[in-house]
Amino acid sequence: MTRLDVKNLRFRQVNEKIEDTGDRDIVLENVCGQRYIGAGSSGRHIVIEGVPGNALGAYLDGTQIETCGNAQDATGDTMNAGRIVIHGCIGDTAGYAMRGGAIYVQGNAGYRAGVHMKAYGDRLPMIVIGGRAGSFLGEYQAGGGVGAPRRGTTHCWEFPLYRDARRQGVSPL
């Protein structure tokens with residue numbers, strides 16, 4: 001496992017350091033608002049200590065990203081595959097135009113999470129939100145699943161399309 005201190009680095013420098021390590025398991029320390037962390041990445045496990053900027057995991061293609069705190073807007077934007085785990089809350093438009101993979105949020109999500117999600121080939125994108133979600137959850141959705149608590153419970157529900165796909169053995173990941 002490689003630990004990288006990314007304090008005061010710009011997002012391009014952060015992603016270059018990730019690629020240059022050659023290591024599959026990476027911990028990013030002192031993250032403070034850098035955008036596009038892990039953009040287009042595949043085959044890695046990235047743990048983020050700090051708060052990443054917008055578009056965390058944009059165009060993700062198989063990497064697993066775990067954030068030990070909150071994440072900002074557009075988490076998982078247009079992601080194809082992989083997994084993003086947020087141990088906190090996320091901003092607006094998480095999972096915008098996702099085509100595959102999964103986003104798990106321990107806390108709340110801002111407005112328009114899961115907007116324009118769509119099934120792509122045999123992939124079904126999925127977002128599970130442990131807290132509350134803002135307005136327009138899953139707006140214009142054309143495939144995949146979004147889960148958020150029902151009022152008064154801590155259990156999650158799933159859109160029928162995702163539930164039915166799971167019953168047929170199609171994986172969202």
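Reader: Is Gly-107 buried or exposed in this structure?

Author: Good place to start! Keep in mind that this is a predicted model. A residue counts as buried when its relative accessible area is under 20%. Gly-107 has 15%, so it is buried.

Reader: Where is Gly-107 found, and which residues does Gly-107 touch?

Author: Gly-107 belongs to the loop between β6 (102-105) and β7 (126-129). Leaving out residues up to four places away in sequence, its contacts are Gly-88, Cys-89, Ile-129, Gly-130, Gly-131 and Arg-132. Gly-107 and Ile-90 are 17 residues apart in sequence, and their C-alpha atoms are 7.5 Å apart.

Reader: Why is strand β5 described as largely enclosed?

Author: Strand β5 covers residues 81-86, and five of its six residues are buried, so the rest of the structure largely encloses it. β4 (residues 61-67) pairs with β5 in the parallel sense over five bridges, and Gln-64 has Arg-83 in β5 as its bridge partner. β5 also pairs with β6 in the parallel sense, over four bridges; there, Val-85 stands opposite Tyr-104.

Reader: How do I read an aromatic pair?

Author: Two things describe a pair of aromatic rings: the distance of the centres and the angle of the planes. This structure holds one such pair. The ring centres of Phe-11 and Tyr-36 are 4.9 Å apart and the planes stand at 65°, so the pair is edge-to-face. Phe-11 lies in helix α1 (residues 11-21) and Tyr-36 in the loop between β2 (25-32) and β3 (45-51), so the pair ties together parts that are 25 residues apart in sequence.

Reader: How does Tyr-36 count in terms of accessibility?

Author: With 31% relative accessibility, Tyr-36 is partly exposed.

Notes:
Residues are numbered from 1 along each chain as its sequence is written. This is a predicted model: local features need pLDDT of at least 70, side-chain atom pairs count only at pLDDT 80 or more; totals for chains, interfaces and linings use all residues. Side-chain values use heavy atoms; hydrogens and water are left out. Rings of Phe, Tyr and Trp (its six-membered ring) pair if their centres lie within 6.5 Å; planes under 30 degrees apart count as stacked, over 60 as edge-to-face and the rest as tilted. Helices (H or I, at least four residues) and strands (E, at least two) are DSSP runs, numbered from the N terminus. Buried means under 20% relative accessible area, exposed over 50%, partly exposed in between (1.4 Å probe, protein chains only). Contact means heavy atoms within 4.5 Å. Two strands pair if DSSP finds at least two bridges between them.
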